[in-house]
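Hi there,

Here is the structure I promised to pass on. Have a look at it first, and my notes follow below.

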Amino acid sequence: MASSKAHHATGWAAGIIAAAIVMHPVTAGSAPVLSGVLALLAGVAGATAPDWLEVAWWTRARRLWITHRTLTHWGIGWAALLALSYHFLGRHPAAPIAFGFACGGLMHLFADWPNPLGVPWIAARHSLNLWTSGHCDLIVVAAAWAAALFVVDDVWFHHVYGRMLLDALHI
Ligand SMILES: [Zn+2]
């Protein structure tokens with residue numbers, strides 16, 4: 001896995017992405033701020049979930065009850081939760097929590113993806129094979145935060161800041 005520090009650092013980015021989306025007027029329910037906070041915290045929890053979900057924490061030995069990086073790291077499962085919870089945003093009070101959790105879970109898979117063990121997005125594990133665990137955490141974290149800024153800019157500012165950045169870089 002990417003280091004747990006990297007999962008935490010990307011988890012906050014995932015939480016901010018989730019919060020920005022659930023608080024948007026189109027998807028927000030009657031309590032947008034509460035929804036946003038719940039989505040943020042669920043995102044942070046979700047970003048480490050694929051790893052703690054596979055530990056039998058209710059036993060003393062705390063062995064893995066499932067092979068590392070199999071079902072809990074399944075891309076389709078997390079994507080399905082994301083789609084389902086998005087559908088219920090503004091309609092069911094638990095939707096922002098599920099949505100944040102799914103954003104965090106997917107962020108975890110993205111963080112695990114570059115290292116050799118890979119991630120089972122659909123069936124077999126696939127790896128980008130870029131670096132080994134714990135290396136290049138900075139790239140993973142920076143990419144996650146860049147994605148978070150992009151989403152916040154998109155959802156809330158209609159790319160005002162993105163355009164300013166492109167102008168500044170003369171692109
Ligand atoms: Zn993992």
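**Helix α4 and the zinc site**

Let me start with α4: at 1.5 Å a residue, its 18 residues should span 26 Å, and the end C-alpha atoms are 26 Å apart, which agrees. The expected span here is 1.5 Å times one less than the number of residues, and helices are DSSP runs (H or I, at least four residues), numbered from the N terminus.

Before going on, note that this is a predicted model, where local features need pLDDT of at least 70 and side-chain atom pairs count only at pLDDT 80 or more, while totals for chains, interfaces and linings use all residues. Residues are numbered from 1 along each chain as its sequence is written, and side-chain values use heavy atoms, with hydrogens and water left out.

Of the 18 residues in α4, 14 are buried (under 20% relative accessible area, 1.4 Å probe, protein chains only).

Now the metal. Asp51 (OD), His73 (NE2), His108 (NE2) and Asp112 (OD) coordinate the zinc ion at 2.1 to 2.4 Å; donors are N, O and S atoms within 2.8 Å of the metal (3.2 Å for Na, K and Ca), and sites may look incomplete because water is not among the atoms. Along the chain, the donors follow the spacing D-x21-H-x34-H-x3-D. His73 sits in the loop between α2 (32-52) and α3 (75-88), and His108 lies in helix α4 (residues 95-112), 35 residues apart, so the pair links distant parts of the chain. Both His73 and His108 are buried.

Definitions and conventions: Helices (H or I, at least four residues) and strands (E, at least two) are DSSP runs, numbered from the N terminus. Buried means under 20% relative accessible area, exposed over 50%, partly exposed in between (1.4 Å probe, protein chains only).
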